[in-house]
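Work through these exercises with the model open beside you. Try each task before reading its solution.

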Amino acid sequence: MRFTYCPHCGNKLEMKEIGDEGLIPYCASCEVPLWDMFTTSIIAAVVNEENEVALLRQNYVSTTKYVCVAGIMKLGESAEETVIREVKEEIGLTVKSLEYIRSYPYEKKEMLMLGYKAVVDKDDFTLSGEVDSVEWIKFESALELLREGSIAWQLVKTVIEG
């Protein structure tokens, strides 16, 4: 989110030099800089003991490619708690262990996605209303089902090669 008006007083912001950050939107009335903001979210490559990854179909995201479990962090929730909650909510599985992989800026949606490998026991899925379907896919077949270069593709590639 890029601020044009102060969220505190409603005045139009001016650009002001702030340290070595350069020109930043600034409210002269409140005397506060207003940095650009982004939403923090997680993305998880959910894997099992058989070297398979759970890939989801969410038609509101893509009708041709699969995606990984992903979701927005809630206030007061750690990234790890978000991964555990989202895996349980979206596909009904319990995370046994987590490994942080890396962060992925997603400028199109003004998000920062924190990527994780989430290990679960292979089991049947219980889908949330936002998931159309999910399948266990062998590592060697997974990348061709994801949009090449996408954040999910990058994450799964790193997990497979790891």
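## Exercise 1: Lysine 138

Lysine 138 sits in strand S9 (residues 133–138). Strands (E, at least two residues) and helices (H or I, at least four) are DSSP runs, numbered from the N terminus. The model is predicted: local features need pLDDT of at least 70, side-chain atom pairs count only at pLDDT 80 or more, and totals for chains, interfaces and linings use all residues. Residues are numbered from 1 along each chain as its sequence is written, and side-chain values use heavy atoms, with hydrogens and water left out.

**Task.** Find which residues lysine 138 touches, not counting residues up to four places away in sequence.

**Solution.** 
- Step 1. Apply the cut-off: a contact means heavy atoms within 4.5 Å.
- Step 2. Leave out residues up to four places away; lysine 138 then touches Glu50, Asn51 and Glu52.
- Step 3. Check the cover. Buried means under 20% relative accessible area, exposed over 50%, and partly exposed in between (1.4 Å probe, protein chains only). Lysine 138 has 35%, so it is partly exposed.
- Step 4. Compare two distances. Lysine 138 and valine 119 are 19 residues apart in sequence, and their C-alpha atoms are 14 Å apart in space.

## Exercise 2: The chain as a whole

**Task.** State how many helices and strands the chain has, and in what order the elements run.

**Solution.** 
- Step 1. Count the elements: the chain has three helices and nine strands.
- Step 2. Read from the N terminus: β-β-β-β-β-β-α-β-β-β-α-α.
- Step 3. Judge the spread. The radius of gyration is 19 Å, well over the 15 Å that the globule rule gives for 162 residues, so the chain is more spread out than a compact globule. This radius is taken over C-alpha atoms, and the rule is 2.2 Å times the number of residues to the power 0.38.
- Step 4. Look at the contacts between residues at least 6 apart in sequence. Of these, 57% join residues at least 24 apart.

## Exercise 3: A three-stranded sheet

**Task.** Work out the strand order of the open sheet that holds S1, S2 and S3.

**Solution.** 
- Step 1. Recall the rule. Strands of a sheet pair through backbone hydrogen bonds, either parallel or antiparallel. Here, two strands pair if DSSP finds at least two bridges between them.
- Step 2. Take strand S1 (residues 14–17) and S2: four bridges join them, and they run antiparallel. Methionine 15 has proline 25 of S2 as its bridge partner. Glutamate 17 is bridged to leucine 23 in S2.
- Step 3. Take S2 and strand S3 (residues 32–33): they pair over two bridges, again in the antiparallel sense. Tyrosine 26 has proline 33 as its partner in S3, and cysteine 27 has valine 32.
- Step 4. Write the order: S1-S2-S3, with antiparallel pairing. S1 and S3 are the edge strands, each pairing on one side only.
- Step 5. Check the cover of strand S2 (residues 23–27): four of its five residues are buried.

## Exercise 4: Turns and positive phi

**Task.** Identify the residue with a positive phi in the turn of each hairpin, S1 with S2 and S2 with S3.

**Solution.** 
- Step 1. Recall the background: most residues other than glycine have a negative phi.
- Step 2. The S1–S2 hairpin has five residues between its strands, and glycine 19 in the turn has a phi of about 50°.
- Step 3. The S2–S3 hairpin has four residues between its strands; in the turn, glutamate 31 has a phi of about 55°. Glutamate 31 is a residue other than glycine. Its relative accessibility is 61%, so glutamate 31 counts as exposed.
- Step 4. Look at one more loop. Asparagine 51 lies between S4 and S5. Its phi is positive too, near 55°. At 47% relative accessibility, asparagine 51 counts as partly exposed.
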